[in-house]
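Thanks for coming. I will talk briefly about charged side chains and how they pair up.

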Amino acid sequence: MTSTPSSASETTRSAREVFTAISGLIVGMFVAVLSGTVVSTSLPVIIADLGGTQSQYTWVITASLLATAVSTPIWGKLADLVDRKILVQLALILFTVGTVIAGFSTDTNMLIVVRVVQGIGVGGLMSLVMIAVALIISPRERGKYMGVVGGIMALGTIGGPLLGGFLTDTWGWRSNFFVGVPFAIIALVLLQFTLHLPKPQRAKVSIDYFGIVLLAVGVSTLLIWVSMGGSQFEWDSATSWTLAIIAGVAIAAFITVEFFVKEPIVPMSLFRNRTFTLSVIASIAIGVSMFATSVFLAQYFQLARGATPTESGLMTIPMIIGQMGASIIIGQLVSRFGKWKGWMITGAILATIGVSLMATLRYDTPFPLVATYMFVLGAGLGMVMQNLTLIVQNDTAPTQLGAASSNVNFFRTIAGTIGVTIMGSLLSTSVATYVKDGMSGFTPSSPDEIDALKHLASGNVPKVGELPDAIRVIVESAYGHGIADAFILAIPLAVISVIAIAFIKNKPLSTKNAAEQLRDQAEESVLEVGEAEVGATMSTGTIRIAGAASATPSTGPVTVLEREREREREHEREDEERGR
């Protein structure tokens, strides 16, 4: 069948035209990632300035992660049902409103509430950008563009703490929230004028409200239980058991409901696809390494090496170079040669080597070695992260594109949050043990050393730069060793990612984007229905010779298909006339 002009134009667009079309999406993705990382180095200052407690400190982090994690699959499912461009703009507006209000927070409770709004917007941007790119660009060509998106994510993830430290030291912590607003406004303008997406082919929208509620309750309770257990309440307490039971019942009920509703948030049929299931497993394993790196590197440089927030950000540059470079370069190679599996296995192996090397860190490890470790880990993550989404999109029906793409990110976020929480708990225990061992036999000889010991005994995070030299060395050594111990937990997970990727089906990348696939499916459906109707009339002897007096005009799908073909021929004639 002759292809439509629109289809032809989509496949022949230059890189410049494609980047123009997705420019707003790229800026929106950068804003989403930056929002979560720019405040990481400034949060202690923010909570202290607002008079918050350690519990509220935890909630500021958890509230945003909860909102992002819970909303991600919901946004993805909505993208299969309603106008995607409107959804992207709505997510960006929600994020911007939440960010601006957060910058004017007068107390910690207000900050927690607006961080929820901000997290909902971020969840939308993180999932919808990938879906929109899939609608515009074919899997074969998508690698190089996804590589750029992955590089932008790496820049926001690792560079955010550097920018946040600089802004806090220069203009105060409130500037951390305002820095992303100009980018959000630019993204909204670009989206309005450059992004053109096909609308979902759904005559009637059915939303799984019950599933949304169960998912929100189950995941929120699970993350609250994991993030606060052992610190805000004992693991064997009534509170702990109550939260665990609520989370388990809600998640089990959610899974049950998803088997029966018309439009499930997480279609269980996706798990029959080996590519999707193995990609989720690999994404969970790799996600822990990604989250752990962004969380614990800043702590390593500030608490184990005595760096300032700005200095710790600068020290992560090798990680940025590794992740951005690998993401962009490998994306280009995947698009050029159409081969992805070898690169992904190589990336998973590099990530495994990287976290293993990070598990050997000490407070006095020479920085060139630390830089090498970060580069190796960053390169591994850059090769794997975006390509996992790419291969899922390549092996998923276009009608389930939103749900499949967003759920890969959803499971990655959930696993990363839980993994980092467990690693953080191990870090706290390890540091306390190493400090205690280091202090055995130590006798304070000055008032400053006595005050420092009292502060350490309180359990608060110390200001390493203000500690007396004798105690400072002990504390830095404890944090260096403790952070290395935390990375040990990521090693077996990284190995699992290698195994999962090795068993993913090596399916060639399609040369058609999702919009073209949907159009082809629609045309095939019309043909099938038309052929069925013709076959039915022939079998009953009611077909007439064209032009006979008693002939009835053809109706239904065959007529529709003929009209479509006639329009295509008219478009081609017009194009030929313009060409002359």
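How many salt bridges does a search of the whole structure find? Three. Keep in mind that this is a predicted model.

I will start with Asp395 and Lys505. Their side chains meet in a salt bridge, at 4.0 Å from N to O. Asp395 sits in the loop between α16 (367–394) and α17 (401–439), and Lys505 sits in the loop between α20 (490–502) and α21 (514–540), so this pair ties together parts that are 110 residues apart in sequence.

Next, Lys507. Its side chain meets that of Asp395 in a salt bridge of 2.9 Å, N to O. Lys507 is in the loop between α20 and α21, while Asp395 is in the loop between α16 and α17, so here the parts tied together are 112 residues apart in sequence.

Are these residues buried or exposed? Asp395 has 13% relative accessibility and counts as buried, because the cut-off for buried is under 20%. Lys505, at 42%, counts as partly exposed, and Lys507 is also partly exposed, at 32%.

Now to the remaining pair, Glu476 and Arg472. Their side chains meet in a salt bridge at 2.9 Å, N to O. Both residues lie in helix α19 (residues 469–488), four residues apart, which is about one turn of the helix. Glu476 is buried, with a relative accessible area of 9%, whereas Arg472 is partly exposed at 23%.

Which residues do salt bridges with shared partners join into one network? They are Asp395, Lys505 and Lys507. That is what I have on the pairs.

How values were computed: Residues numbered from 1 in each chain as written. Predicted model: local features only at pLDDT ≥ 70, side-chain atom pairs only at ≥ 80, totals over all residues. Heavy atoms only, no water. Helix = DSSP H or I, 4+ residues; strand = E, 2+ residues; numbered from the N terminus. Buried < 20%, exposed > 50% of the residue type's maximum accessible area, 1.4 Å probe, protein only.
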